[in-house]
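I opened a new notebook page for this structure. The entries follow the order in which I looked things up.

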Amino acid sequence: MRTAGARYGEAAVGVFGGGGLTNEKAYLLGKFARVALRTPNIDYNGRFCMSSAATAHRAAFGIDRGLPFPLEDVAGTGCVVLVGANPAETMPPALRYFTRMRENGGHLIVIDPRRTRTAEQADLHLRPVPGTDLALARGLLHLAVADGLLDREFIDRRTTGFDRAREAAMAHWPERVEEITGVPVPQMREAVRLFATAPSGMVLTARGAEQHSKGTDTVRAWIDLCLATGKAGRPGSGYGCLTGQGNGQGGREHGQKADQLPGYRSLTDPAARAHVAGVWGVDPDSLPGPGQSGFEMLDRAGTPAGVRALLVMGSNPVVSAPHASHVTARLAALDFLAVTDIVLSETAELADVVLPVAQWAEETGTTTNLEGRVILRRAALAPPPGVRTDLYVLKELAGRLGTGHGFPDDPEEVFGELRRASAGGPADYAGITYARIRAEDGVFWPCPGTAHPGTPRLFLDRFATPDGRARFSSAGHRPAGEETDGAFPLHLTTGRVAAQYQSGAQTRRVAELNAAAPGPFVELHPRLAERLHVTEGDLLAVTSRRGRALAPARITGTVRPDTVFMPFHWSGPGRANTLTNPVLDPQSRMPEFKVCAVRVEKATDGGRP
């Protein structure tokens, strides 16, 4: 790493982190990049996860916390709109709150192109064409305006910019939205009625709505529906985002993002730089500025415009990145690749150096769940002899790079420094200690002092914007990054299955899970299967403008006739992300995982990718 920095400049060394790292690791990794390596180029796989929702949250409310209320509040609300979320398979323990909500008389509306296990439990299921959620949100707002379902008192008292949102909605009249989305007007009208007339309500989004080149605008349009109907800033109401990784919330708060310092501070804010530099004992001017976002760093790796040496910690982009064959080639072109992980992932197999590290049960640390509740995970086992922790690795690497102080490997000591670095920032952990977490079963941020009770519910008095008002948005529908055509006539959407997790690097090593979900597959509708002369289990070739994947057919009426679905947990010939489109959201830099144009045919070449 030192050689690459000397030969090409400090920015030629990069760091790629993960949303499964503890708060302590994420914090120390960001410090390692900016102090020990002095590189601007650090980002993490959360860029592929919740970045669009986070960007929308900050723009609308002034702060980003996945849920501005405890998850238990879901059980008491009057109506939940789930957009692009399938918690029955991706977050099963949370499903009980939705079940209780319906038992209490509330309604569940699910918006998903597939009839998922979650959709099967819904009172109303809307099935839009992939990539059209923004148009649907605007169409629902149009109906709320036209049918007199607005909360004008809330709009006037607690928001700004409604006229622009109303103008955007008026361009999305119901018949136009039905033509774009495929959702019938009566279903749209019923959805608006259920949501707007409920005494309280929530809109919760997940990757299905967010992993698009317009993901930020899509989330903001759904937030606008909450604001216009008065379903925000009140008990039992609001917009929230369901996290996708083990520390999806905390992992994006403390400095492993390209533009961020601990406490969710901006790297371009002089006051933030001065505060964090003071905690770190360095000159604020020595801190590098923002670097390349996650996909951009991978896309340029090994080129004159990109990093030449890369440290990957707790991530597997060979499987999880869009246009994965291209990313694999770029990683192979690096001068040097090092990976720290608990398993030999597909990315680790490419590395020059692999540092095997302790797994979750073998180390102590904090994570922050989707509610903003900081929780403590205590070591249950000792790691095998010779296996180090990630914190130890960062401490030793920093020492070898000439920074022999400021990198402790005791997690509680690291957390103490994180508290000081986050103090006064949007995600303020100053009043949170290991002792408090143990005593209180977790503490909600912001918590600016040890006498502060924490903040389970945000926005009840004011939003976190300078004027205390939530902000409407004005974007309208635009097409996906690529549309279907004669050569690629079908939509591909991707997602998870219950028995596998993320890139599968860990779960694919568990026999029981492999028995439940042994490999990739292609879901297609019976009418499409009949047209293609496909029967159950036939090996299919799915081809996009970026590559080709092979997997057996799974014929089901749960998917739209114009859409096929593939889970993304596997590598090799069935790797779904070989196909996906890396076009980026201009605001969040999120790639468009959730829709691309493909063609599907029987594999006639003996299964060669």
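I worked on a 1 Å grid over the protein atoms alone: a pocket is an open set of points with protein on both sides within 12 Å along at least five of seven lines, a cavity is a set where a 1.4 Å probe fits but cannot get out, and lining residues have an atom within 4 Å of a point. Grid points are joined across faces, edges and corners, and a volume is the space filled by probe spheres set on the points.

I noted that this is a predicted model, in which local features need pLDDT of at least 70 and side-chain atom pairs count only at pLDDT 80 or more, while totals for chains, interfaces and linings use all residues. Residues are numbered from 1 along each chain as its sequence is written, and side-chain values use heavy atoms, with hydrogens and water left out.

I looked up the second largest pocket and found a volume of about 340 Å³. Its lining has 21 residues, and Glu89, Arg117, Val497, Glu523 and Arg554 are the ones nearest its centre. By class, I wrote down 9 nonpolar, 4 polar and 8 charged residues for this pocket. Here Ala, Val, Leu, Ile, Met, Phe, Trp, Tyr, Cys and Pro count as nonpolar, Asp, Glu, Lys and Arg as charged, and the others, Gly among them, as polar.

**Entry 3, cavities.** How many cavities of 30 Å³ or more are there? I counted 3. The largest cavity holds about 110 Å³ of space. It is lined by 17 residues, with Pro68, Phe69, Arg234, Ser237 and Leu458 nearest its centre. That lining is made up of 10 nonpolar, 4 polar and 3 charged residues.

The second largest cavity has about 40 Å³. Val81, Leu140, Ala191, Val192, Phe195, Trp222 and Leu225 line it, and the class count is 7 nonpolar, no polar and no charged. Helices α10 (185–197) and α12 (215–228) each give at least two residues to this lining, and α10 has the largest share with 3. Helices (H or I, at least four residues) and strands (E, at least two) are DSSP runs, numbered from the N terminus.

I searched the whole structure and got 11 aromatic pairs. Rings of Phe, Tyr and Trp (its six-membered ring) pair if their centres lie within 6.5 Å; planes under 30 degrees apart are stacked, over 60 edge-to-face, the rest tilted. Phe61 and Phe463 are stacked, because their ring centres are 5.5 Å apart and their planes are at 20 degrees. Phe61 is in helix α3 (residues 51–61) and Phe463 is in the loop between β16 (443–444) and β17 (470–471), so this pair ties together parts 402 residues apart in sequence. Both Phe61 and Phe463 are buried, where buried means under 20% relative accessible area, exposed over 50%, and partly exposed in between (1.4 Å probe, protein chains only).

I then checked Phe415 and Tyr434, a tilted pair at 5.4 Å centre to centre with 50 degrees between the planes. Phe415 and Tyr434 are buried. I also noted a cluster of Phe16, Phe48 and Phe593, linked by ring pairs.

Which residues of helix α13 (residues 270–280) are buried? I listed Ala272, Arg273, Val276, Ala277 and Trp280. The face turned away from the buried side of α13 carries the exposed residues Pro270, Ala271 and Gly278.
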